[in-house]
Amino acid sequence: MSDTIEKVKCLIIGSGPAGYTAAIYAARANMKPVLYQGTQPGGQLTTTNEVENFPGYPEGITGPAMMMELQAQAERFETDVRDGWITKVDFSGDVHKVWVNEEKEIHAETVIISTGASAKYLGLDSEQKYLKLGGGVSACAVCDGFFYRNHEVVLVGAGDSACEEAHYLSKLCKKVTMLVRRDEFRASKIMAARVKNTENIEILFNTETEEVLGDGQVVTGVRVKNNKTNEAHDIPATGFFVAIGHKPNTDIFKGFLDLDETGYIINAKPGTSKTNVDGVFVSGDAADHVYRQAITAAGTGCMAALDAERYLAAKDSTFEVSTSNYN
């Protein structure tokens, strides 16, 4: 074994609410966690301008500010937070091996995966412009719908999640226009019927987005085209929601961890953070394709750290479970 190989008790892959919460709990349990922030330090929440549904912030907080506070809290308990990302793993043996930036090799007694999932977008320049500006483009109705009360919005998507998001927005917004690329929904019949029967949801079939319109700061409308007639027109709107799915950031774990058909990590035992590999745990959106909220991610980060702590205690009689995490 090379002298350049680093050995750690607890390695956390990814940041965000799940990773930082796992780090807080692991650090308080004397597991001396090392956390690699990944390609997007702080996770998806760093692209959210306002967070108003996370407990403890009565006046709300920006996503980047919240992630900075979580990182500071993790570092307060001496979590080793590092730049860089994990590019390869080998969980085939008794030692959990990972490589950082394809160079540095680490052997970890426990691994907590908090790599999250990335929302899929259409890829239009105008869409990405207003997404980065925080000016009206979103991939989460539950997160951002509140800001569009009594407004008119446009939503792209045709599956169950899109129907669920449209129905959620319909309870807040004056009008929701759904853009469906084909001549039918991909959603289940019951979900499709729900949006069809909602008075303030208008469904445009065979319709695609050509451009997100705006004044340079915020969204003011959406230019769409009927892909059958090629007829284009503009829809006034202050919000543009994209509900075409998420991609979990789990590619490097293929062949080692059990993944579903989309790539989400499957919990080996429901109600825990355990994977099919002993000593490897998962938290946050890398496994959660249902809720995808900061608060649920943080909760599973806590679970992963506690599961890892118990795993170490069962494996090594000299490692004691800390009582500080249960006070």
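## A tour from ring to sheet to pocket

Start by selecting Phe281, which is buried, with a relative accessible area of 3%. Keep in mind as you go that this is a predicted model.

Next, show Phe91, Phe253 and Phe256, which form one aromatic cluster. Phe91 is buried at 5% relative accessibility, while Phe256 is partly exposed at 23%.

For rings with a charge over them, select Lys88 and Trp99: the charged end of Lys88 sits 4.3 Å from the centre of the Trp99 ring. Then try Arg149, which lies over the face of Phe146 at 4.1 Å from the ring centre.

Move on to the open sheet, where five parallel strands run in the order E8-E15-E9-E10-E11. Strands E8 (137-138) and E11 (201-204) each have a single partner strand, so one side of each is left without a neighbour in the sheet. Zoom in on E8 and E15 (residues 239-242), joined by two bridges, and you will find Ser138 opposite Phe241.

Last stop: the second largest pocket, with a volume of about 430 Å³. To find its centre, select Ser161, Ile244, Gly245, His246 and Arg292, the nearest of its 19 lining residues. Colour helix H5 (residues 160-170) too, as it gives the largest share of the lining, four residues. Coloured by type, the lining shows six nonpolar, six polar and seven charged residues.

Note on methods. Residues numbered from 1 in each chain as written. Predicted model: local features only at pLDDT ≥ 70, side-chain atom pairs only at ≥ 80, totals over all residues. Heavy atoms only, no water. Pairing = 2+ DSSP bridges. 1 Å grid on protein atoms, 1.4 Å probe; cavity = no way out; pocket = protein on both sides within 12 Å on 5 of 7 lines; lining within 4 Å. Points joined across faces, edges and corners; volume = space filled by probe spheres on them. Nonpolar A, V, L, I, M, F, W, Y, C, P; charged D, E, K, R; others polar. Buried < 20%, exposed > 50% of the residue type's maximum accessible area, 1.4 Å probe, protein only. Phe/Tyr/Trp six-rings, centres within 6.5 Å; stacked < 30°, edge-to-face > 60°. Lys NZ or Arg CZ within 6 Å of the ring centre and 35° of its normal.
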